[in-house]
Every structure is written in C-alpha cells, then in structure tokens.
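Dear colleague,

Please find the structure below, handed over for your use. My notes on it follow directly after.

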Amino acid sequence: MSTPFLVGLVGARGHTGRELIRLIADHPELMLAYAVSREFAGRPVADIAPEDKDECVFEALSPEEAARRRADVVILAAPDGAAAPYVEAIETLAPQRIIIDLSADYRFDDQWAYGLPELNRAKIRGATRIANPGCYATAAQLALAPLVARFNGTPSLFGVSGYSGAGTAPSPRNDPERIKDNLMPYAVTGHKHERETARHLGRPVHFTPHVHPAFSGLIVTAHIPLAEKMDASGLAKVFEEKYAGEPLIALRNAPPELKDGAGRKGVLIGGFAVSENGMNAVVIAAEDNLLKGAAVQAIQNVNLALGLDEMKGLAH
C-alpha cells in the first residue's frame with residue numbers, strides 16, 4: 001500500500017469542514033494530518049465526524065504552528081478574511097505545499113488557479129495555490145458557460161440555498177425562527193458570487209440570492225438573453241456537447257428542484273426552455289452547497305494538484 005498524502009484542515013468545525021473530514025476519510029490516498037478548531041480544541045475529531053479513522057484531535061494551531069506540521073496539502077475552510085495569516089506562514093515556512101482556499105479571499109487573484117475543474121482543469125492540474133469557487137458561483141457558471149458566446153445582454157440569476165450556506169456563526173440567515181416557512185432575500189446587489197461569476201465568465205451578470213429553511217441544497221435559475229434564436233432541443237444539445245464526459249454534471253430536460261441538489265456530489269442542470277420568440281433561454285442548476293459547492297470541489301482540486309485521478313475518493 002502506498003504512503004497516503006497528508007492533509008491539514010483549517011476551519012474544521014464548520015459544516016464544510018465536517019464534509020471534508022468525511023471525504024478525506026473515504027479517500028484511499030489521503031490522510032487527515034491535523035484539524036484546526038479553537039472552539040473544539042482537545043476534542044476527538046470523531047466526536048463530530050465519526051468517519052474519521054485517523055484518530056485526530058482538534059487543535060488550536062497558530063498559522064506558524066500549522067505551517068510547521070507535516071502536510072502535503074492544506075485546505076483552508078475558514079471564513080472570508082481569515083486565510084491570509086495561514087497562507088503567509090506556509091509561503092514562508094513551506095512554500096511548495098499545496099493550498100486549497102475555500103474562502104473568497106483569493107478568487108480574484110490571478111496568481112491563484114481558479115478551482116472550477118469543469119471549466120479550468122488545465123490550470124488547476126499541478127497548481128500549488130488554488131481558490132475554490134463559491135457555491136452559487138459554481139452553479140451559476142456551469143449554467144451559463146455553454147452559452148457565453150451567444151449572450152445578447154446580461155443574464156439574470158435567481159438563487160436559493162439552504163441555511164447551511166450561512167455558516168455556523170449566528171445570523172438572520174441561519175436563525176430557525178427567522179427562516180421558518182420563509183424565503184429570505186439578502187445581498188440583493190453586488191453579492192460576492194455575482195462579482196465572481198462575472199469575473200471568471202468575462203461577462204456581467206445579475207444575481208439575487210435567497211435563503212430557504214432547508215439545511216442544504218442550492219438552485220439557480222438563469223434567464224439568458226440570446227443573440228440568435230434557439231429552440232429547446234438546440235439549447236439542450238449545446239449543454240450535452242459542452243459537458244459530455246463530465247462525471248459530476250448530469251443533464252435532464254425537466255426542471256431540477258432544490259431537493260435534487262441536496263446530497264448530490266455534482267450538479268444537475270436542466271429545465272432547458274426558450275421563450276416563444278426564441279430569444280431568451282432559461283436554464284436551471286441544482287447542487288449541494290456543501291458538496292460540489294465546497295467540499296467535493298475541494299477534493300477534486302486536491303486530486304488534480306497531486307496528480308491523482310480527479311474522481312479519486314468521489315465515486316458515486
């Protein structure tokens with residue numbers, strides 16, 4: 001048996017950290033080297049992630065302490081704004097170590113590979129600095145990318161996700177009483193995933209996110225103005241050609257629902273419809289905000305960075 005690659009995890013106590021621990025435990029060539037959480041320091045990782053087979057204990061490691069620990073890859077699953085001290089320490093003490101950052105901190109930095117494999121695989125393979133995309137930005141880009149050359153104006157995106165997307169820090173978006181029987185819009189202009197999607201597609205988009213009382217699952221409905229007439233079958237064919245052979249993208253003609261994304265490792269794209277005049281397309285993408293929207297995509301990027309099969313440890 002080959003020696004496993006060691007993975008350090010910073011921000012291990014959150015919803016995404018929980019999924020990452022499970023995926024690392026299931027991966028035949030990865031081993032959890034350490035798990036950083038100040039709040040849970042001293043507790044066995046298995047207390048919240050029974051799948052952990054490496055008998056790790058949560059630790060309150062400083063950035064320098066984490067950088068000095070043995071690891072082939074460090075996954076940063078900390079909130080936005082918290083990655084830089086760990087990145088700086090690793091670049092000083094272990095500059096060849098692979099970093100996968102799940103925050104928004106480096107998604108606009110051209111020195112980091114943008115980690116959406118279905119659209120950027122060549123730049124991710126072998127990279128040592130990879131910025132994992134946002135959950136909404138993943139679904140939005142995959143719903144829009146096959147049609148970018150056919151845009152005639154600015155697409156409009158309506159997004160809904162489960163409350164786990166708001167993280168574990170208390171806020172109105174994960175308050176059970178606020179979201180019960182409710183649909184809550186937020187960041188109605190300038191959402192970071194709107195800017196991220198526009199940057200990496202190279203075209204402006206409009207996006208309005210909402211939170212729903214389900215724990216997980218995410219759906220984006222895209223209205224896309226077209227430069228030339230299309231019909232529904234032609235629209236579906238464009239997506240079939242673009243994503244042929246992509247193991248984490250499934251297509252269907254019927255519109256996906258939010259619950260279709262919950263628990264799914266990849267993205268379901270469908271609902272291919274065109275307006276009566278043939279000049280406006282509608283495409284719907286559903287995923288799990290914690291999986292393809294975060295943890296699964298991070299493992300795809302780990303695999304590509306290490307030279308492993310991209311789907312290693314991610315089999316359905």
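Asn-301 counts as buried, because its relative accessibility is 0%; buried here means under 20% relative accessible area, exposed means over 50%, and partly exposed lies in between, with a 1.4 Å probe and protein chains only. The model is a predicted one, in which local features need pLDDT of at least 70 and side-chain atom pairs count only at pLDDT 80 or more, while totals for chains, interfaces and linings use all residues. Residues are numbered from 1 along each chain as its sequence is written, and side-chain values use heavy atoms, with hydrogens and water left out.

Asn-301 sits in helix H10, which covers residues 291-306. Helices (H or I, at least four residues) and strands (E, at least two) are DSSP runs numbered from the N terminus. A polar atom of the Asn-301 side chain lies 3.1 Å from the backbone oxygen of Gly-115. This is a polar contact, that is, a pair of N or O atoms within 3.5 Å; within protein, one must be able to donate a hydrogen and the other to accept it, and residues adjacent in sequence count only if both atoms are side-chain atoms. When neighbours within four places in sequence are set aside, Asn-301 is in contact with Ile-100, Gly-115, Pro-117, Ile-124, Ile-130 and Asn-132; contact means heavy atoms within 4.5 Å.

Gln-300 also lies in helix H10. Its relative accessibility is 0%, so Gln-300 counts as buried. Not counting residues up to four places away in sequence, Gln-300 touches Pro-117, Glu-118, Leu-248, Lys-292, Glu-310 and Leu-314.

**Helices that pack against H10**

Helix H4 (residues 117-124) and H10 have axes that come within 11 Å and cross at roughly 30°. Axes are lines fitted to C-alpha atoms, for helices over the stretch in contact, and angles run from 0 to 180 degrees between N-to-C directions. H4 and H10 are therefore roughly parallel to each other; angles under 35 degrees count as roughly parallel, over 145 as roughly antiparallel, 65 to 115 as roughly perpendicular and the rest as oblique. The crossing of H4 with H10 is right-handed, where right-handed means that the near helix is turned clockwise from the far one by less than a right angle, and left-handed anticlockwise. On the H4 side the contact is made by Pro-117, Glu-118, Arg-121 and Ile-124, and on the H10 side by Lys-292, Gln-297, Gln-300, Asn-301, Leu-304 and Ala-305. These residues of the contact of H4 with H10 divide into 4 nonpolar, 3 polar and 3 charged; Ala, Val, Leu, Ile, Met, Phe, Trp, Tyr, Cys and Pro count as nonpolar, Asp, Glu, Lys and Arg as charged, and the others, Gly among them, as polar.

Helix H1 (residues 15-26) packs with H10 at an angle of about 40°, with the axes 9 Å apart. The crossing of H1 and H10 is right-handed. Thr-16, Glu-19, Leu-20, Arg-22, Leu-23 and Ile-24 of H1 meet Leu-291, Ala-294, Ala-295, Val-296, Ala-298 and Ile-299 of H10. By class, the contact of H1 with H10 has 9 nonpolar, 1 polar and 2 charged residues.

**H5 and H7**

Helix H5 (residues 135-144) and helix H7 (residues 192-201) pack at an angle of about 40°, and their axes are 9 Å apart. That makes H5 oblique to H7. The crossing of H5 and H7 is right-handed. From H5, the contact involves Cys-135, Tyr-136, Ala-137, Ala-140, Gln-141 and Leu-144; from H7, it involves His-193, Glu-196, Thr-197, His-200 and Leu-201. The residues of the contact of H5 with H7 comprise 6 nonpolar, 4 polar and 1 charged. H5 is mostly covered, with 10 of its 10 residues buried.

**Individual residues elsewhere**

Asp-181, a residue other than glycine, has a positive phi near 50°. Asp-181 lies in the loop between helix H6 (176-179) and strand E9 (184-185), and is exposed, with a relative accessible area of 73%. Ala-187 is not a glycine either, yet has a positive phi of about 40°. Ala-187 is found in the loop between E9 and H7 and is partly exposed, at a relative accessible area of 37%.

Ala-113 belongs to strand E6 (residues 113-114) and is buried, with a relative accessible area of 11%.

With kind regards
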